[in-house]
Amino acid sequence: MQKLTVQGGVPLNGEVTVQTAKNAALPIIAACILTDEPIIIKKCPHLKDIDAMLNIMRHLGCSAEFEGDNLHVCCHDVSLNVINADLTGKLRSSIFILGSILSRCRRAYISHPGGCEIGLRPIDLHISGLKGLSVKIEDESGVICCDGTDMKSAVVNLDFASVGATENLMMAGALLDGETVIVNAAREPEIVDLAGFINAMGGKVSGAGGSIIRVTGVKKLHGCTYTPIPDRICAGTYLAAVAATGGCVSVKNIVPEHLFGITERLKKTGAKLYLKGGSVRICAVGRPKAIHKLETNVYPAFPTDMQPQFCAMLARANGSSVIVENLFENRFGYTTELVKMGANITVKDRIAVVAGVPKLHGAAVKACDLRGGAALVIAALSAEGKTEIYGTEHIDRGYENIERSFAALGGNIIRTEVE
């Protein structure tokens, strides 16, 4: 077990380069099953969630190995092994491997997925979407058994613009005869990136980034080399940390339009942002201003995955902020740890009222989910005194060496083993 020890109160300065997006790399890795030829995914981050997905791929008979930051995957041979709970319990994103296995093999068997405990996150949209492609699905003692021998393309109208369900349907339709149309598709940049990857393999996906995606099936897909997009949530985490601590930092390797939902809210805190090409520079002085109301929603609105980091920043704001969480019912669990650091936060159902305080203080806290853990790091960097953050395994699911990135910006943060 490890912990992060942070001596806070130091402004951040310098520059940081954003890693490749975890939420783009995971479905791209799953989509490698669609071809029996080798794939190279460049600049793939070394994360616990990536490791969990690669273990699933190997369990299915694929080879997957890193050479530096390049991930080499080959799914020449795919076995229809049951993906058991030991594998799926560590990764919520394991569910969207269904689409690629069904497309390639027409059958799939997977235990219910796990992941962060931030809400119910039901998989009914995935199931109903695949049923719309004539997949027969049964739940046998916690194993989702999918029979796609009679799969055919169709128009599937999603009740909610689910990212995972959209990705599943894109992969499921890639090798089907005819055209699969996804109505009310998710519009996130990661969806566009998956479409780009499938097309790089010789697929025919159009409309990604809009509400209607069309997937024209092809007989065969081939190997390719592909670089996924930068991680907009990782970039937003750095930006929120600077707004909380003060200082000037250049965040490099970004796609500016992917960050508009984040940067526009940061401007309300009084931070100055300067976008230029593939980077953004943020400068902040003193306490951030409160944000009257901050609501999460699907892209291009403010992302739920940035809600905890903004809450940590607003804990020191001048004034009170109201945060409304529209996507997950249990996402405010991390706030009890912020309260230990002196934050004044009142939570009821999906609403948090954050009354900013002049100072936070160090404490021993525990991360219980990925983004909540990032929020604790931001709070610790802005607090007075020493903070010890346990539960680093949650943070490592989505941030590659988070302590190294912040230490390079002048943050006093180290990782140590806990005896």
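Select Y274 first: this residue stands opposite R281 in β16. Strand β16 covers residues 279-284, and it pairs with β15 in the antiparallel sense over five bridges. Two strands count as paired if DSSP finds at least two bridges between them; strands (E, at least two residues) and helices (H or I, at least four residues) are DSSP runs, numbered from the N terminus. The model is a predicted one, in which local features need pLDDT of at least 70 and side-chain atom pairs count only at pLDDT 80 or more, while totals for chains, interfaces and linings use all residues. Residues are numbered from 1 along each chain as its sequence is written, and side-chain values use heavy atoms, with hydrogens and water left out.

Now extend the selection to the whole sheet. Four strands form this open sheet, in the order β2-β14-β16-β15, with mixed pairing. At its edges are β2 (12-17) and β15 (272-276), each of which pairs on one side only.

From β14 (247-252), proceed to H258, which is in the loop between that strand and α9 (260-267). Is H258 buried or exposed? H258 counts as buried because its relative accessibility is 15%; buried means under 20% relative accessible area, exposed over 50%, and partly exposed in between (1.4 Å probe, protein chains only). Leaving aside neighbours within four places in sequence, H258 is in contact (heavy atoms within 4.5 Å) with P189, I229, R232 and Y299.

Next, select V324, in strand β18 (residues 320-324). At 11% relative accessibility, V324 is buried as well. Beyond its neighbours within four places in sequence, V324 has contacts that include K293, L294, R350 and I351.

Of its 73 residues, M57, I97 and M170 touch the most other members. Apart from this core lies another, of 68 residues, among them V16, A235, M306 and C311.

How values were computed: A nonpolar core is a set of buried Ala, Val, Leu, Ile, Met, Phe, Trp, Tyr and Cys residues joined through side-chain atoms within 4.5 Å.
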